[in-house]
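Work through the following exercises with the sequence and the coordinates at hand.

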Amino acid sequence: MTDPQPQPATVLPAPAVRRSAATDLALIASFAALVAVCAVLPAIPVGGAVPITLQTFGVALTGLVLGPRRGFLAMLLYVAVGLAGLPVLSGATGGLGVLAGASAGYLLAFPLAAAVAGAGSVLARRAAGRWQVPALFAAATAGSLLVVHPLGIAVMGWRLGLSATEALTAGAVFLPGDVLKNVLAAVVAAAVLRAFPELRRR
């Protein structure tokens, strides 16, 4: 009686959880790098203490595309790397010294703003067709109005010794620019989610 022939070894696929974690890490790092690029581009002076940069565009886009959890982690990574000393913050600066500046509140608001925009994005992705971009814009604007501006204006007023009215007036300068950046973020996010439907499902 002959011995049974040995069967070829079966190659098992890599666990889906491992692939998912690697993808998440790659996306988090990529979007943190994207915001760093937006930050080092030349700022647009508006005559106030805090110039307009593309950082908030990157923050909104991060939340809209990655969702609340990964968006929060991407911006937390970005802020941590900047505070650690790498020149990835506005104006190619870095280090803990930026926390003494008038713009510190805007920077510290980024992780939570991305989470708020991401939470709104989860709902916006269910919108049909032509309503998706307006829904994504609303999600990005929620992150701006509920987190970035209140915290940014509060810290700016404190650092510069402004009254509440003066701080609100100074902060209002950035609202028109933020509206335009949120529109752009919504359009880009909708295109990315259409091109990569896996992001929509995740």
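**Exercise 1.** Determine whether Tyr 106 and Phe 174 are buried or exposed, and classify the geometry of their rings.

*Solution.* The model is a predicted one. Step 1: Tyr 106 and Phe 174 are both buried. Step 2: a search of the whole structure returns one aromatic pair. The ring centres of Tyr 106 and Phe 174 lie 6.0 Å apart, with their planes at 70°. Step 3: planes over 60 degrees apart count as edge-to-face, so the pair of Tyr 106 and Phe 174 is edge-to-face. Step 4: Tyr 106 belongs to helix α3 (residues 104-124), whereas Phe 174 sits in the loop between α5 (164-172) and α6 (175-195).

**Exercise 2.** Describe the secondary structure of the protein and the extent of its burial.

*Solution.* Step 1: the protein has seven helices and zero strands, and its elements run α-α-α-α-α-α-α from the N terminus. Step 2: of its 202 residues, 40% count as buried. Step 3: take the contacts between residues at least 6 apart in sequence; 72% of them join residues at least 24 apart.

**Exercise 3.** Classify the packing of α2 with α4 and identify the residues that make the contact.

*Solution.* Two packed helices are described by the angle between their axes and the distance between the axes. Step 1: the axes of α2 (residues 55-83) and α4 (residues 132-160) come within 10 Å and cross at roughly 125°. Step 2: α2 and α4 are therefore oblique to each other, and α2 passes α4 in a right-handed crossing. Step 3: α2 contributes Thr 56, Ala 60 and Leu 64, while α4 contributes Leu 136, Ala 139, Ala 140 and Val 148. Step 4: by class, the residues of this contact are six nonpolar, one polar and no charged.

**Exercise 4.** Which surroundings do Leu 145 and Gly 118 have?

*Solution.* Step 1: Leu 145 lies in helix α4. Its relative accessible area is 48%, so Leu 145 is partly exposed. Step 2: leaving aside neighbours within four places in sequence, Leu 145 is in contact with Pro 150 and Leu 175. The C-alpha atoms of Leu 145 and Ala 113 are 9.0 Å apart, at a sequence separation of 32 residues. Step 3: Gly 118 is in helix α3 and, at 0% relative accessibility, counts as buried. Step 4: not counting residues up to four places away in sequence, Gly 118 touches Gly 63, Gly 67 and Pro 68. From Gly 118 to Leu 136, the C-alpha distance is 9.2 Å, with the two residues 18 apart in sequence.

Key:
Residues numbered from 1 in each chain as written. Predicted model: local features only at pLDDT ≥ 70, side-chain atom pairs only at ≥ 80, totals over all residues. Heavy atoms only, no water. Phe/Tyr/Trp six-rings, centres within 6.5 Å; stacked < 30°, edge-to-face > 60°. Helix = DSSP H or I, 4+ residues; strand = E, 2+ residues; numbered from the N terminus. Buried < 20%, exposed > 50% of the residue type's maximum accessible area, 1.4 Å probe, protein only. Axes fitted to C-alpha atoms, helices over the stretch in contact; angles between N-to-C directions. Parallel < 35°, antiparallel > 145°, perpendicular 65-115°, else oblique. Left-handed = near helix turned anticlockwise from the far one by under 90°. Contact = heavy atoms within 4.5 Å. Nonpolar A, V, L, I, M, F, W, Y, C, P; charged D, E, K, R; others polar.
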